[in-house]
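Here are some notes to read beside the structure, written as numbered points on its pockets and its backbone. Please keep the sequence at hand while you go through them.

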Amino acid sequence: MQQLEIEIFPCRTDNFGVLLHCPETGETASIDAPEYGAILAAAERRGWRITHIFTTHHHGDHVEANLALKEHFGCEIYGPRNESVAIPGIDRAFGDGDRFDFSGHAVEVIETPGHTAGHICYHLPDSKLLFAADTLFALGCGRLFERPAADMWHSLQKLAVLPDETAVYFGHEYTLSNARFALTIDPDNARLQARAAEIEALRAEGKFTIPTMMGLEKETNPFMRPADPAIRRNLLMESRTNEEVFAEIRKRKDNF
Ligand code: ZN
Ligand code: FE
């Protein structure tokens, strides 16, 4: 089986457009639909026809182009069961643990409530790909709009068990601000210091930081590291639960 191909491009202010393409069948999935013109241009550039949209959550910057793309390509729209009423044009709804087939590749749905109540991530175990949208960012995690910190912490733990070599595609280029914040929480982490320097350089050249790797996130993303003794010491929270430490880090980021 040939490898799936991926095309990444900027949309709106700081969203990513992502197209996932199977060279054997020609099927192409747009991960979310942030901006019609940018997605259409990317598909045309590659000569791909969009057959699917994999929606992660209902926010406007992720579903805005659903209906226009469906109109243009006649594509099928998949999305989260727990907020399916808010997904324009949805054809099939998926919940936690559901699996479907994309061009012979298994896709596993992981429900990750937190940012929204029904947010889902799409995992392709054979290709080691995760489309995490606004749940897990490079060095960050999504804002808690619809669920409390405890739910988001639980969601991140579900992602953390995926293999370290999983490439993680996320919804927004927030990485520079995330890196600067991460250094305030975990200042002595050498891996994080090195990564923050790389990110400063990449962004100075206008380059994007997508994708990241699950193993790297586990080593450097403070939102995945509330159990870390140095972070706990730094926050004066040595005897608190992981959930409480996570909630504190999220609160500090909201005010950063
Ligand atoms: Zn969102
Ligand atoms: Fe978003």
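1. Which helix gives the largest share of the lining of the second largest pocket? That share, six residues, comes from helix α6, residues 190–204, where helices (H or I, at least four residues) and strands (E, at least two) are DSSP runs numbered from the N terminus.

2. Before going further, please note that this is a predicted model, in which local features need pLDDT of at least 70 and side-chain atom pairs count only at pLDDT 80 or more, while totals for chains, interfaces and linings use all residues. Residues are numbered from 1 along each chain as its sequence is written, chains are lettered from A and ligands numbered from 1 in the order in which they are written, and side-chain values use heavy atoms, with hydrogens and water left out.

3. The second largest pocket holds about 180 Å³ of space, and among the residues that line it are Ala138, Thr175, Arg191, Glu198 and Pro211. A pocket here is an open set of points on a 1 Å grid over the protein atoms alone, where a 1.4 Å probe fits, with protein on both sides within 12 Å along at least five of seven lines, and lining residues have an atom within 4 Å of a point. A volume is the space filled by probe spheres set on the points, which are joined across faces, edges and corners. By class, this lining has six nonpolar, three polar and three charged residues; Ala, Val, Leu, Ile, Met, Phe, Trp, Tyr, Cys and Pro count as nonpolar, Asp, Glu, Lys and Arg as charged, and the others, Gly among them, as polar.

4. The largest pocket has a volume of about 230 Å³, and of the 17 residues that line it, the closest to its centre are Phe137, Cys141, Gly142, Arg143 and Tyr174. By class, the lining of the largest pocket has five nonpolar, six polar and six charged residues.

5. Most residues other than glycine have a negative phi, and most peptide bonds are trans. The peptide bond from Ile210 to Pro211, however, is cis, with omega near -5°, and Pro211 is placed in the loop between α6 and β14 (212–213).

6. Ala133, in strand β10 (residues 129–133), has a positive phi near 45°, and Ala133 is buried (under 20% relative accessible area) at 6%. Leu236, in the loop between α8 (229–234) and α9, has a positive phi of about 55°, and Leu236 counts as exposed (over 50%) at 74% relative accessibility.

Terms used. Buried means under 20% relative accessible area, exposed over 50%, partly exposed in between (1.4 Å probe, protein chains only).
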